[in-house]
Amino acid sequence: MAATSDSTGAERRTLTVLVTGASGFIGHRLVPALVAEGHDVRAMTRHPDDYDGEGTPVYGDVSDPGSLAEPLSGVDVAYYLVHSLDDDDFEEKDAAAARAFGQAAAALGVRQIVYLGGLGSDDEELSPHLRSRREVEHLLAESGVPVTTLRAAIVVGHGGISWEITRQLVDKLPAMVAPRWVKTRTQPIAVDDVVRYLVGVADREEALDRAFEIGGPDRLDYLGMLREAAKIIKGHAPPIVPVPVLSPRLSSHWLALVTTVDATTGRNLVDSMGVEVVVTDHSIRDIVPGEPLTYAEAVRRALAERAAEEAEEKAGAER
């Protein structure tokens with residue numbers, strides 16, 4: 001590892017970093033942020049020939065343990081950003097993948113795994129989705145490689161599943177009858193802050209073998225999130241009436257009907273929306289200081305990125 005200096009003049013080691021899920025919602029933002037820090041970044045994907053982002057594309061599939069040796073060889077820090085939420089058997093598949101990845105990382109001398117998990121108190125009865133996220137934490141750590149976990153609730157950013165549900169509901173419905181989970185509190189966080197925290201914990205001794213809670217400054221229920229987003233998108237909030245009769249299964253089909261989110265993913269997410277997920281420990285700020293963005297600002301950035309992407313696609317089609 002070479003040493004460079006950051007913008008403050010402090011010494012910073014140049015790391016060899018692997019990012020799994022490099023083409024995903026978080027991964028395709030994280031890779032350029034790590035490159036900007038001067039790190040040698042490998043972007044792991046099942047389709048490296050189609051990868052057009054920054055970093056060096058490498059083939060790897062967490063469901064195929066035999067494919068992990070090459071991308072993990074010589075890696076200092078590995079980011080684990082994959083899940084199978086769109087699969088009915090996601091708990092079993094995610095457990096097997098985490099176990100295989102941890103074992104491969106340990107065998108090849110990886111010094112740190114950074115994992116993006118889900119918020120939720122261990123004292124509560126977690127949903128299958130959140131329970132699976134917690135199990136992945138433990139299985140990665142079983143390998144003996146120090147794991148740093150960042151636990152987040154709703155991540156707000158263009159292309160994120162949870163944000164797309166919010167945006168499309170607001171965009172398509174002049175009024176809505178909503179499931180009772182809209183009154184559950186959560187603590188949304190901007191994708192820019194998630195990436196900032198992910199970058200900030202790399203190769204930090206005080207972050208090893210620890211789980212940190214991350215969130216924005218606003219604690220909102222889902223109803224409040226919908227209304228706040230609607231005011232920004234439409235200038236006013238639509239009438240929203242929570243009703244107790246929509247079960248998780250019916251809610252998932254409702255989401256699949258109104259949004260582009262498939263029923264399986266929707267059902268797995270909805271199961272978690274009845275669990276309050278708020279930050280109770282702010283120790284991440286001791287390691288990565290700085291004020292996170294508000295929900296309103298996160299929404300504005302997500303909308304601006306979507307508008308820029310649409311304008312670029314339109315310009316490309318007209319050439």
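**Close-up views of a predicted model**

**Figure 1. Contact between helices α1 and α6.** In this predicted model, Arg 29, Leu 30, Ala 33 and Leu 34 of helix α1 meet Val 191, Val 195, Leu 198 and Val 199 of helix α6. By class, this contact of α1 with α6 comprises 7 nonpolar residues, no polar residues and 1 charged residue. Helix α1 covers residues 27-36 and helix α6 covers residues 191-200; their axes come within 10 Å and cross at roughly 50°. The arrangement of α1 is therefore oblique to α6. The crossing of α1 past α6 is right-handed.

**Figure 2. Surroundings of Tyr 295.** Tyr 295 belongs to helix α11, which spans residues 295-318. With a relative accessibility of 3%, Tyr 295 counts as buried, because the cut-off for a buried residue is under 20%. When neighbours within four places in sequence are set aside, the contacts of Tyr 295 are Val 156, Trp 163, Thr 166, Pro 188, Asp 218, Leu 220, Met 225, Glu 228 and Ala 229. The side chain of Tyr 295 also reaches the backbone oxygen of Met 225, at 3.0 Å. Pro 217 lies 78 residues from Tyr 295 along the chain, and the C-alpha atoms of these two residues are separated by 7.7 Å.

**Figure 3. Packing of helix α7 with helix α11.** Helix α7, formed by residues 222-234, packs with α11 at an angle of about 50°, and the two axes are 10 Å apart. This angle makes α7 oblique to α11. The two helices, α7 and α11, cross in a right-handed manner. On the α7 side, the contact involves Met 225, Glu 228, Ala 229, Ile 232 and Ile 233; on the α11 side, it involves Tyr 295, Ala 296, Val 299, Arg 300 and Leu 303. The residues in this contact of α7 with α11 are 8 nonpolar, no polar and 2 charged.

**Figure 4. Packing of helix α5 with helix α11.** Helix α5 consists of residues 161-172 and packs with α11 at an angle of about 85°, with 12 Å between the axes. The helices α5 and α11 are therefore roughly perpendicular to each other, since angles from 65 to 115 degrees fall in that class. Trp 163, Thr 166 and Arg 167 of α5 form the contact with Tyr 295, Val 299, Ala 302, Leu 303 and Arg 306 of α11. By class, the contact of α5 with α11 has 5 nonpolar residues, 1 polar residue and 2 charged residues.

**Figure 5. Surroundings of Gln 112.** Gln 112 is located in strand β7, which runs over residues 112-118. The relative accessible area of Gln 112 is 1%, which means that this residue is buried. The side chain of Gln 112 reaches the backbone oxygen of Val 201 at 3.1 Å. Leaving out neighbours within four places in sequence, Gln 112 is in contact with Asp 76, Val 77, Ala 78, Val 145, Pro 146, Thr 148, Val 201, Ala 202, Asp 203, Arg 204 and Leu 208.

**Figure 6. The whole chain as context for the close-up views.** The protein contains 11 helices and 15 strands. Of its 319 residues, 51% count as buried. Among contacts between residues at least 6 apart in sequence, 75% join residues at least 24 apart.

Technical notes
Residues are numbered from 1 along each chain as its sequence is written. This is a predicted model: local features need pLDDT of at least 70, side-chain atom pairs count only at pLDDT 80 or more; totals for chains, interfaces and linings use all residues. Side-chain values use heavy atoms; hydrogens and water are left out. Axes are lines fitted to C-alpha atoms, for helices over the stretch in contact, and angles run from 0 to 180 degrees between N-to-C directions. Helices (H or I, at least four residues) and strands (E, at least two) are DSSP runs, numbered from the N terminus. Angles under 35 degrees count as roughly parallel, over 145 as roughly antiparallel, 65 to 115 as roughly perpendicular and the rest as oblique. A crossing is left-handed if the near helix is turned anticlockwise from the far one by less than a right angle, and right-handed if clockwise. Contact means heavy atoms within 4.5 Å. Ala, Val, Leu, Ile, Met, Phe, Trp, Tyr, Cys and Pro count as nonpolar, Asp, Glu, Lys and Arg as charged, and the others, Gly among them, as polar. Buried means under 20% relative accessible area, exposed over 50%, partly exposed in between (1.4 Å probe, protein chains only). A polar contact is a pair of N or O atoms within 3.5 Å; within protein, one must be able to donate a hydrogen and the other to accept it, and residues adjacent in sequence count only if both atoms are side-chain atoms.
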